[in-house]
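Here is a colleague's note on the model you sent, arranged as numbered points. Please read it beside the sequence and the coordinates.

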Amino acid sequence: MRARLIHQDDLPRLVARLRRDYEVVAPFRGRGRDTAFEVVTDRNQDQLALHLPNPVYPPKRYALPHIERLLRIRRTDGGYDLQPAYDETPRAIFGIRSCDLAGILHLDSFYLGRDFRDDHYARRRRNLFLVNVVCTDVEEDIDENCFCVCTDTGPAAREGFDLQLMDLGQGEWMVVAGSPAGEKLLEEPFFRRGGPEHIRRRRAILTGVRAQFKDMTSWFAATVRYVSRGKVLESTWQEIGRRCLECGGCTYLCPACTCFTVSDRQTGPDTWERVRLWDACALSGFTRMAGGHNPRKAVHDRRNRRFFRKLAHYFIQRELSMACVGCGRCVDTCHGDIGMPSVVEMIRRATVMEETRHVPSA
Amino acid sequence: MSHPPESLYLPKVAVLDRVVDEIAEVKTFYWHFEDPAEQAAFKRFRPGQFAQVSIFGVGEFPASLPPSPTEDETFFTIRRVGSCTEALHALKPGDRFGVRGPYGNGFPMEEYEGRNLVFVAGGIGLIPLRSCIIYAMAHRERYGRIQIFYGARTPRDLMYLPDLKRWEQAAGIECYLTVDRPDETWRGHVGVVGSLFRKPDVRMAVENTTAFVCGPPIMFRFVIQDLKGMGFEDRHIVSTLERYMKCGVGKCGHCCIGVAYVCVDGPVFTYEQIRKLGEEI
Ligand SMILES: Cc1cc2nc3c(=O)[nH]c(=O)nc-3n(C[C@H](O)[C@H](O)[C@H](O)COP(=O)(O)OP(=O)(O)OC[C@H]3O[C@@H](n4cnc5c(N)ncnc54)[C@H](O)[C@@H]3O)c2cc1C
Ligand code: SF4
Ligand code: FES
């Protein structure tokens, strides 16, 4: 991977360069600590910031939109005309965090892998340029709910980006290219060469940032083992289930959730579109079948499902990535305090207690 | 597995040819693709696979393929339960709808060669098994004994009557029918489907035998108990699972049971696999 330096004051030039080829989206500040990804325009481009809280609504939607048109349906004389709909807009995400990037890589292995390749996803993804930013500002970039160190997805992504930006302080940013398209951009005149001193600074900063996560020992590996081996007690799942209000927030904000539902809607007297919409296994309608039979009737069965899908070794192997990226959004949003780290902790504590209960005392 | 270069979710337009009443709320819909090339490609489906049926403007739903690839016609047998199935029931011959597929693993018919086949169906559970039965009969020499046990609530709930008549009379296969509640016309056996196994004139195949079980959950549980009691191993009991499905191609997540995406890993599973899914069925 090739690396260069760019001066803080030249970052807008990089954005302007990207805007020649792409629709660029980037995080902007709203009120208070609110932030959101928006399209960069001539009017808002000078408000661009890279150190700010990660937006609650994840940039996943540029790879898998919340509502996506799959098909245009037109009734003709005695028949139907069907046209698949694709979005092939060249788009760049400027300032995607490492956790959210890992989310998109997870979607890649899910939607492009296995028996069937999802063409709607593939075409949008092929036109997506990713500028990753390493989280270094412990006041702004990182908050107490981040646990990317536990999921091994951050604070600095190792792969999957086209360009990676990292603030080295003193107005200098390191830029790493992770793809041929990214390398090509490094030829722009506002990039300079760096030296061993910059590498040292990068390493020192990363070590410092990782130390911020010191009390975030969420025991992921142990919990993956317990869940995969079916060792989690029914009573623990029930306890987790009791706390779920079934709002679906965790699934809608998750950068790695993949489930959707499909619906036809009328767009004219003889036209319809078939769309897919994000769906949530947290909601009780998710598995309800014709006749009203619902195999996951109890709340805790659905909670169980969500965490099983994310933590079972079988699925981690299948996609070669875990469907949890440590972004902490489920922690922020959950009214019942059963975001991923709490669940990991509850499972670990209950399982360990159960195991030690059976150890005969000396 | 081959996949088309275009959208995974693009149905092909099909034409409804004729509709046959089966039982209350259930009809069989014969159809063909508008495009003959599509029809030829589709005809390579395997017994036990399914398709996604589109009623444009209403939605899409999964439906088993009851025909065998050895037969000429393509059709679905559909119970009216909700918006899509209702809309399909309202179609007239000549109307258009959409089909994509075939999907799912289907029955590994080669693996059963040389074995006896026991089919146990309850109610509309005969729909997914029909394909397999017809296929086995079309290749009669490849299989050992073929026994069919089929039960319905009342005589009027027995479906595929012309098939049942043929199977009862066909040489080389045994077909036993039962109903829970007889009417004045019924001369046959009365009782749940499992009670057929204990009829004095029935000699169940058990050794070197694969059993196929499809029906309502309660029937499934009892039949499994019966079969296991007779000595069937879990890996030689086969069923098809049904789940709410939105995509049929392993993406929407609706059909998951434990580690399985029923639409791609199933719908055919052995009972041994079902027990290891990690979630109740
Ligand atoms: C692999 C597979 C093969 C299948 N093969 C066949 C087959 O060969 N023949 C066949 O007849 N069926 C088959 N089915 C079942 C069939 O797919 C369903 O009956 C069908 O999806 C129903 O669709 P619908 O739009 O008509 O019903 P929907 O309108 O989706 O509703 C169906 C039922 O769901 C419940 N429901 C839905 N929404 C709500 C709500 N908001 N509140 C309360 N209840 C609700 C109701 O009970 C309703 O009647 C198969 C299913 C699978 C998975
Ligand atoms: S955010 Fe919390 S309360 Fe809402 S569905 Fe998820 S687990 Fe349940
Ligand atoms: S039906 Fe969509 S994943 Fe199986």
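1. The model is a predicted one, and its local features are discussed only where pLDDT is at least 70. The comments should be read with that in mind.

2. Chain B contains 7 helices and 15 strands, and its C-alpha trace spans about 55 × 45 × 35 Å along the principal axes. For 281 residues a compact globule would have a radius of gyration near 19 Å, and the 18 Å of chain B agrees with that expectation. Buried residues make up 58% of the 281 residues in this chain. Among the contacts in chain B with a separation of 6 or more, 68% are between residues 24 or more positions apart.

3. Within chain B, Q39(B) deserves a look, being placed in helix 1 (residues 36–42). Is Q39(B) buried or exposed? Its relative accessible area is 15%, and because the cut-off for burial is under 20%, Q39(B) counts as buried. The side chain of Q39(B) reaches the backbone nitrogen of F33(B) at 2.8 Å. Leaving out residues up to four places away in sequence, Q39(B) touches W31(B), H32(B), F33(B) and T74(B).

4. In chain A, D100(A) belongs to helix 2 (residues 98–112) and is buried, with a relative accessibility of 2%. Which residues does D100(A) contact, leaving aside its neighbours within four places in sequence? They are N54(A), P59(A), P255(A), C327(A) and R329(A). By contrast, R201(A) lies 101 residues from D100(A) in sequence and 25 Å from it in space, taken from C-alpha to C-alpha.

5. Helix 10 (residues 299–311) of chain A provides the largest share of the lining, with 4 residues. Sorted by class, the lining of the largest cavity comprises 8 nonpolar, 4 polar and 5 charged residues.

6. The bond from G154(A) to P155(A) is cis, with omega near 5°, and P155(A) sits in the loop between helix 4 (148–151) and strand 8 (163–169) of chain A. The bond from G266(B) to P267(B) is likewise cis, with omega near 10°, and P267(B) is located in the loop between helix 6 (262–265) and strand 15 (268–270) of chain B.

7. Q170(A), which is not a glycine, has phi near 55°; Q170(A) occupies the loop between strand 8 and strand 9 (172–177) of chain A and is exposed, with a relative accessible area of 68%. D337(A), again not a glycine, has a positive phi of about 50°. The loop that holds D337(A) runs between helix 12 (329–333) and helix 13 (340–357) of chain A, and D337(A) is partly exposed there, with a relative accessible area of 44%.

Note on methods
Residues numbered from 1 in each chain as written. Chains lettered and ligands numbered in written order. Predicted model: local features only at pLDDT ≥ 70, side-chain atom pairs only at ≥ 80, totals over all residues. Heavy atoms only, no water. Helix = DSSP H or I, 4+ residues; strand = E, 2+ residues; numbered from the N terminus. Nonpolar A, V, L, I, M, F, W, Y, C, P; charged D, E, K, R; others polar. Buried < 20%, exposed > 50% of the residue type's maximum accessible area, 1.4 Å probe, protein only. Polar contact = N/O pair within 3.5 Å; in protein donor to acceptor, adjacent residues only side chain to side chain. Contact = heavy atoms within 4.5 Å. Rg over C-alpha atoms; globule rule 2.2 N^0.38 Å.
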